[in-house]
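The following note sets out numbered points on the structure shown below. Please read it alongside the sequence and the coordinates.

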Amino acid sequence: VTEPKKVEVSLDKTDLSCYQRNDGEIKAKVKGGTQGLSCPYYLEISDDTGTYCVNENQAFKFTGLAAGGYKVKAVDDKGCKATSNINLDQPPPMEVSIDSIHHVECFNGQDGFIKFTTEGGTPPYQYDWNNPNLKGDSNVLKNLTADTYNVHIRDRNACSKFVYQEIREPERRKIENLSSVTTIDTAERKK
């Protein structure tokens, strides 16, 4: 009598694309042991209540997973078990900080400035500004008028963050008391 090969489960993973996106995947393959007729192997994952029927060397995907550790268990027809552990990682959260802001100095001026830093996620970053006249590839905006500027920042995995920043200007200065200005007729002065 030959002893059946030991049940083995091998795992491969796809980490989360964005922080807390819960799109991780674990691919499991089972081999060895004694295969059943109606269901060659049963497969379970630690956070799931379901049991799945798989064939030998069939890649079975667990999808929609959060970051963290998982235990995958395979059981053959005789109840022999194999387990394997794997950890799904995620990129750090995307954070945006304003480095400097320069508000418009004079009423109706165009000397405003915004500079910010983006960290986390998966670089490189793309910047899409709410104004079509602004370049979408920079974290610095110059020559701004008073307004609220919105930017949609996306990383390589399409993770995104929105930032809103207002550029202000001083109030328009009023010249008062124009009625008290005296006009001098230069022709009368020559007499």
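1. Burial classes. A residue is termed buried under 20% relative accessible area, exposed over 50%, and partly exposed in between, with a 1.4 Å probe and protein chains only. On that scale Lys 13 is partly exposed, because its relative accessibility is 31%.

2. Basis of the note. The structure is a predicted model, in which local features need pLDDT of at least 70 and side-chain atom pairs count only at pLDDT 80 or more, while totals for chains, interfaces and linings use all residues. Residues are numbered from 1 along each chain as its sequence is written, and side-chain values use heavy atoms, with hydrogens and water left out.

3. Overall composition. The chain contains 13 strands and 1 helix; helices (H or I, at least four residues) and strands (E, at least two) are DSSP runs, numbered from the N terminus. Read from the N terminus, the elements run β-β-β-β-β-β-β-β-β-β-β-β-β-α. Of the 191 residues, 28% count as buried. The accessible surface, by the Shrake-Rupley method with a 1.4 Å probe and, for residues, only the protein chains shown as cover, comes to about 13000 Å², and carbon and sulfur atoms hold 44% of this area. Contact means heavy atoms within 4.5 Å; among contacts in the chain with a separation of 6 or more, 56% are between residues 24 or more positions apart.

4. The four-stranded sheet. An open sheet of 4 strands has the order β4-β3-β6-β7, with antiparallel pairing; two strands pair if DSSP finds at least two bridges between them. Its edge strands are β4 (52-54) and β7 (81-88), each of which pairs on one side only. From one strand to the next the twist averages 25°, where axes are lines fitted to C-alpha atoms, for helices over the stretch in contact, and angles run from 0 to 180 degrees between N-to-C directions. Strand β3 (residues 41-45) is joined to β4 by 3 bridges, and the two run antiparallel. Tyr 41 has Val 54 in β4 as its bridge partner.

5. The three-stranded sheet. A further open sheet is built from 3 strands in the order β1-β2-β5, with antiparallel pairing. Both β1 and β5 stand at the edges with a single partner strand, so one side of each has no neighbour in the sheet. Here the twist averages 20° from one strand to the next. Strands β2 and β5 run antiparallel and are joined by 4 bridges; Gly 24 has Leu 65 in β5 as its bridge partner.

6. Nonpolar cores. A nonpolar core is a set of buried Ala, Val, Leu, Ile, Met, Phe, Trp, Tyr and Cys residues joined through side-chain atoms within 4.5 Å. The largest has 19 residues, and those with the most contacts inside it are Val 9, Ile 26, Val 30, Leu 43, Phe 62 and Val 72. Two or more residues come from each of β2 (24-31), β3, β5 (60-65), β6 (68-75) and β7. A second, separate core of 15 residues includes Val 104, Leu 144, Ile 153 and Cys 159.

7. Surroundings of Leu 43. Which residues does Leu 43 contact, leaving aside neighbours within four places in sequence? They include Val 9, Ala 28, Val 30, Tyr 52, Val 54, Phe 60, Phe 62 and Val 72.

8. The whole structure has 5 salt bridges, a salt bridge being a side-chain nitrogen of Lys or Arg within 4 Å of a carboxyl oxygen of Asp or Glu. Asp 89 and Lys 13 form one of them (3.4 Å, N to O). This pair links distant parts of the chain, 76 residues apart: Asp 89 is in the loop between β7 and β8 (95-102), and Lys 13 is in strand β1 (residues 8-14). Asp 89 is partly exposed, with 37% relative accessibility. A network of salt bridges links Lys 13, Asp 15 and Asp 89. Glu 25 and Lys 61 also meet in a salt bridge (3.5 Å, N to O). Glu 25 lies in strand β2 and Lys 61 in strand β5, 36 residues apart. Glu 25 is partly exposed at 23% relative accessibility, as is Lys 61 with a relative accessible area of 47%.

9. The salt bridge at Asp 128. Asp 128 and Arg 154 form a salt bridge whose closest N and O atoms are 2.6 Å apart. Asp 128 is in strand β10 (residues 126-129) and Arg 154 in strand β12 (residues 147-154), so the pair ties together parts 26 residues apart in sequence. Asp 128 counts as partly exposed at 26% relative accessibility, and Arg 154 is partly exposed with a relative accessible area of 25%.
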